[in-house]
Amino acid sequence: MNYEILDHTADVCVRVYGKSFDELLRNAAYAMMELITDREKIIPSQKIEIKTKGETKEELLVHWLGDILYLHQAKKMVFRDFEVHIISETQVKGKAFGEKIDLEKHELSSDIKAVTYHNLKIETLDNGLKVDIVFDI
Amino acid sequence: MNEEIKLEKIHDYLWEIPQKGGMRVPGRVYTNEKMLRDIRQDKSLEQVVNVAHLPGIQKYSIAMPDIHWGYGFPIGGIAAMNVEEGVISPGGVGYDINCGVRLMATNLTEEEVRPKLRDLVTELFSCVPCGVGVSGKIKLSNKDYKELIEKGAKWAIERGWGDREDLERIEDHGSFRGGDVDTISKKALERGKDAIGTLGSGNHFLEVDVVDQIYKPGVADAFGLFKDQVCVQIHCGSRGFGHQICTDYIDIMLSYMRKEGINLPDKQLACAHIKSEEGRDYLSAFAAAVNYAWANRQIIMAFARDAFYSVFRIGPRELGGHLVYDVSHNIAKFEEHKINGKTKKVCVHRKGATRAFPKNHPLIPEIYREVGQPVFIPGDMGRASFVLVGTEATLDETFGSCCHGAGRVLSRKKALKSGKGRNLFAELEGKGIIAMARGKRTVAEEMPEAYKEVEDVCDVVQNAGIAEKVARLRPIGVIKG
């Protein structure tokens, strides 16, 4: 399991692991998408490129997830898979594979309002990275 | 970690967190012994302490009895900032800018509504768009959109969703000055475009209630409330439009803080001086989201009125359907308050807190000036909600503010676990409540046990002297996203 849902009274908190920073970003995107809907039911028929910047790794993570959330909310997309390429300390390029929301097929279970910076700190473990992310829902 | 935070008891309903370290003011928590034990279970007291670090904060970082762990500010937090040197914090308002509650009172009684209750709830469920990913019925042209964010509820009324009299019964007449499209990102505009006139999901709801207890008959009468009367409560906010504006400006403010060398214990408290360019821009975008939320609640109320007309085959005169008031509980307001004996202009952040002005205050509608401002405290869907009225003491103690709801005690995860194998719809029906929800999980996540007992919360504010109970509302019909 590369992420787990933690207890948080009012919002939703997920703990995400990754062997590297790009894997952490990818797993965080999976976690967020799983909170939204059942990823197994999504057909990755469309590809969307995402370019994200941020001053710090934490900001980069929040912006990356924020960009995916925007595509979900405004462009009505859901995503099955992601690819992440680290360009520099402050920039990533990614791809999201998914399709338009079909409410008959995709049951949407959480309306995520935003990805927060609350207590956000990427920690280095012996075998990779760990971060707790609080979503406002 | 809360165990380490020292609390000094002021009286049975108020505790103080003494000022220390980087705190600019002490913290103050309105609660009782029993609720304090729950509050200590999470990190909300730590958040009261963190808010006390914000530049320009006046008197106290305040928490209401419905306080619970949020992000940055605790939910149920109040902080007033000096306009000259103080800051505005988007996280201190919340992502759902101008989330709030309105109450519409009808001429109908429970006896008249009960026989057609299922039809009514079905009709409301079909005519009020709700649920995750559900778009609204209203198509906005760019011109409409611009007017909506400049005028708020007034725009909705000009388009036929409601009456002029409704405006008198909304904070600031349902229209905030300064909403400027140029300060809003394309992303925010896009996220809001098809969400106007939608309820959303999560803890948002539309509820059919019955007034089942009157505590202050004179005030209830002034609010147009009577025993056994059927009312409608609407709880929602500025949808994706507000969420994206808050998201955008937290980043702008993080850059501002780096530039100005402001350090805070939690990034989510990101802020800018009220008088800075970044602060002013946020306030313009924020005003647009405030207007969006007022228009949203106005439109949903119009949909609810239509549902009553069609189910009961009556017109506006028979229905009554008058707006009692519309309160905001995720907001920042420029107000004058007395600080150390002097009247000062401050920016009051209310994050999960409601304005509760007493009688004779110039900022409450003339019709309520002799009694005070109505305050709505929604409870969970199985128990009750309360109508309160502000008192003189709110101005001295809490910058004219009180609580906003029951406050969660169970996380969504725990609530889902506790709901497993139970038919919550049938349980509610056993109590005479018809509930309909779009999402399968919503009712479990929002089950009554997930919340504190709202009456305990209201009793604390009443016993602390900052608001008084006027009436109790018992739910009979619930619509959730």
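Tutor: Let us begin with a definition: two strands pair if DSSP finds at least two bridges between them. Strands of a sheet pair through backbone hydrogen bonds, either parallel or antiparallel. Please keep in mind that this is a predicted model.

Student: Which residue of β5(A) does V78(A) stand opposite?

Tutor: V78(A) stands opposite E99(A), and the strands concerned, β4(A) and β5(A) (residues 91-100), run antiparallel and are joined by ten bridges.

Student: What is the strand order of the open sheet in chain A?

Tutor: The three strands follow the order β3-β5-β4 with antiparallel pairing, and β3 (46-53) and β4 (77-88) of chain A are the edge strands, each pairing on one side only. From one strand to the next, the twist averages 20 degrees.

Student: Which strands does helix α2 of chain A lie across?

Tutor: Helix α2 (residues 57-74) lies across β3, β4 and β5 of chain A, at about 145 degrees to β3(A), whereas helix α1 (residues 21-36) of chain A lies across β4 and β5, at about 165 degrees to β4(A).

Student: Turning to the cavities, why does the largest cavity lie between domain 1 and domain 2 of chain B?

Tutor: A cavity is a set of points where a 1.4 Å probe fits but cannot get out. The largest cavity has a volume of about 530 Å³, and both domain 1 (2-94 + 333-368) and domain 2 (100-332 + 373-480) of chain B give residues to its lining, so it lies between them. Among the residues closest to its centre are H68(B) and N203(B).

How values were computed: Residues numbered from 1 in each chain as written. Chains lettered and ligands numbered in written order. Predicted model: local features only at pLDDT ≥ 70, side-chain atom pairs only at ≥ 80, totals over all residues. Heavy atoms only, no water. Helix = DSSP H or I, 4+ residues; strand = E, 2+ residues; numbered from the N terminus. Axes fitted to C-alpha atoms, helices over the stretch in contact; angles between N-to-C directions. Contact = heavy atoms within 4.5 Å. 1 Å grid on protein atoms, 1.4 Å probe; cavity = no way out; pocket = protein on both sides within 12 Å on 5 of 7 lines; lining within 4 Å. Points joined across faces, edges and corners; volume = space filled by probe spheres on them. Domains from an automatic or database assignment.
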